[in-house]
Amino acid sequence: MPRLLIVHHTPSPATHELFEAVLEGASDPDLAEVEVVRRPALGATASDVLEADGYLLGTPANIGYISGALKHFFDTVYYPCLDATRGRPFGAYVHGNQGAEGAVKAIRDITAGLRWRPVADTLVLTGAPDAAAVLRCRELGATVAATLL
């Protein structure tokens, strides 16, 4: 069974709501053949990454960059997973109130170094999540999960 690993940092109600939407999309009944595993960024390990077939990353934009928690995740798994996870699909979402460009660039640069394959554009969401933002996150979760089938 293919496994999708969702690595997230959800310190605010807004980021938690977006995470729940991503999880709902990835767990759609039509995608029941995909096992969805979720880990907070500070708890995700190299073993989690190696055991997964694809990834979905979620972070707030903190002062224009990814959260320290997601950066710690990448620092922890980068070298142990560098060769073994090459070419695996991923998607990402970033929530911020302003200036998310640096966070998007960081995700793009780090995943390019890992040679992961983006299967959707990184979602950039601002402010309180509205129905459209929640829908976009559900669609992202479903898209990334569907690529594993």
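**Overall size.** I began with the radius of gyration of this predicted model. A compact globule of 149 residues would come out near 15 Å, and the protein chain has 14 Å, so the two agree. I then looked up the span of the C-alpha trace, which is about 35 × 35 × 25 Å along its principal axes.

**Fold.** I listed five helices and seven strands. Reading from the N terminus, I wrote down the order β-α-β-α-β-β-α-β-α-β-β-α. I also checked the contacts with a separation of 6 or more: residues 24 or more positions apart account for 83% of them.

**Charges.** I noted 12 positive and 17 negative side chains in the protein chain. The centres of these two sets lie 8 Å apart.

**Aromatic rings.** How many aromatic pairs are there? I got five, taking rings with centres within 6.5 Å as a pair. In one of them, Phe-73 and Phe-74 have ring centres 5.3 Å apart and planes at 50°, so I logged the pair as tilted. Both Phe-73 and Phe-74 are buried. For Tyr-78 and Tyr-79, the ring centres are 5.1 Å apart and the planes stand at 80°, so that pair is edge-to-face. Is Tyr-79 buried or exposed? Its relative accessible area is 66%, and over 50% counts as exposed, so Tyr-79 is exposed. My last entry is a cluster: ring pairs link Tyr-55, Phe-73, Phe-74, Phe-90 and Trp-116.

Definitions and conventions
Residues are numbered from 1 along each chain as its sequence is written. This is a predicted model: local features need pLDDT of at least 70, side-chain atom pairs count only at pLDDT 80 or more; totals for chains, interfaces and linings use all residues. Side-chain values use heavy atoms; hydrogens and water are left out. Rings of Phe, Tyr and Trp (its six-membered ring) pair if their centres lie within 6.5 Å; planes under 30 degrees apart count as stacked, over 60 as edge-to-face and the rest as tilted. Buried means under 20% relative accessible area, exposed over 50%, partly exposed in between (1.4 Å probe, protein chains only). Helices (H or I, at least four residues) and strands (E, at least two) are DSSP runs, numbered from the N terminus. The radius of gyration is taken over C-alpha atoms; the globule rule is 2.2 Å times the number of residues to the power 0.38. Contact means heavy atoms within 4.5 Å. Lys and Arg count as positive and Asp and Glu as negative; His and the chain ends are not counted. The place of a charge is taken as NZ of Lys, CZ of Arg, CG of Asp or CD of Glu.
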